[in-house]
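Here are my notes on the model you sent over, as numbered points. Have the structure open while you read, and look up each spot as it comes.

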Amino acid sequence: MDKADADGPGLPDLPPEWGRVVVPDDAAALADEAEELRRELRGRAAGYARRWRPSALPVLALLLAVVATVAGLATATWPRTGRSPGPTTSSTPDPAPVRLTGRSLPALDLVDGGQAPVPLRGLVPTVVLLVDGCACPERVAEAAAAAPPGVSVVTVATTRPRAAPPGTAVRALADPAGGLRDFLHLPARPDTVTALLADRTGRVVLVVPELGSLTDYQAELARLAG
């Protein structure tokens, strides 16, 4: 039997706005009220979570921005091995001949077949063909045929002079110390002849690093006799 606990002795004073408080003898009588209270609390908790749950759109936008930034950096720094640059070609000549034009021949000695010294400056005016990379007798023969009277045609090998083409007035010498190549700053190359032209004062007129034909130096050769 329910009792009016608010009127009974031993209970603390309760706020009057609560009204009459009735405590049942069986707690099961409050099951409906307890279930309703639990539903109300769950509803409040769910509403609170929905109000404070961050929106997924800003997070997704931030993630996409990070991914795009990382992809851009990877593209900029990743080594490009799929496409190798082709060989660059330049129409400008080797810079060494330009620097040497107008300079005096070095004071060095070449050697003949008997290893006797031959001063380079004593050969002017001259066209010197460096044949340490290629004997190329056809190049030597055409230079000898085109040289004006008084202009010496000289071939220079490395250790020992190479034999001159038959029937030519070519002087075959050698440069064991490599002083002439050092002066030109041009290393010997296979199947290649380098040409050096100097006038009667010993001044360098022209350097052809890789001689192709007589037309590469024919005009300068003709002027050496003047």
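**Notes on the predicted model**

1. Let's begin at H185: at 53% relative accessibility this residue counts as exposed, where exposed means over 50% relative accessible area, buried under 20%, and partly exposed in between (1.4 Å probe, protein chains only). H185 has a positive phi of about 60° although it is not a glycine. Its place is the loop between α5 (179–184) and β8 (194–198). Helices (H or I, at least four residues) and strands (E, at least two) are DSSP runs, numbered from the N terminus.

2. D191 lies in the loop between α5 and β8 as well. This residue, too, has a positive phi of about 60° without being a glycine, and it counts as exposed at 66% relative accessibility. Most residues other than glycine have a negative phi, and most peptide bonds are trans.

3. A word on reading the model: it is predicted, so local features need pLDDT of at least 70 and side-chain atom pairs count only at pLDDT 80 or more, while totals for chains, interfaces and linings use all residues. Residues are numbered from 1 along each chain as its sequence is written, and side-chain values use heavy atoms, with hydrogens and water left out.

4. How confident is the predictor? The chain averages a pLDDT (the predictor's confidence in each residue, from 0 to 100) of 81, and 72% of the residues score at least 70. Over residues 1–6 pLDDT stays under 50, and the model has 15 contacts (heavy atoms within 4.5 Å) for them beyond four places in sequence. Where pLDDT is low, the predicted coordinates should not be read in detail.

5. For the overall picture, the chain has 6 helices and 9 strands. Of its 226 residues, 28% count as buried. Among contacts between residues at least 6 apart in sequence, 57% join residues at least 24 apart.

6. Please look at L105, in the loop between α3 (95–100) and β3 (109–111). L105 is buried, with a relative accessible area of 2%. Leaving aside residues up to four places away in sequence, L105 touches L120, R121, V124, L196, A198, G202 and V204. L105 and F183 are 78 residues apart in sequence, yet 8.6 Å apart in space, C-alpha to C-alpha.

7. V124, one of the residues that L105 touches, is joined to P125 by a cis peptide bond, with omega at about -10°. P125 sits in the loop between β4 (117–119) and β5.

8. Which residues of helix α4 (residues 137–146) are buried? They are R139, V140 and A143. These residues lie on the same side of α4, because they cover an arc of only 100° around the axis; the arc is that of the directions from the helix axis to the C-beta atoms. Their cover includes β5 (126–130), β6 (152–157) and α6 (218–223).

9. T155 belongs to strand β6 and is buried, with a relative accessible area of 4%. Beyond four places in sequence, its contacts include V140, L129 and R162. V140 is also one of the buried residues of α4.

10. Finally, L64 lies in helix α2 (residues 56–77) and is exposed, with a relative accessible area of 54%.
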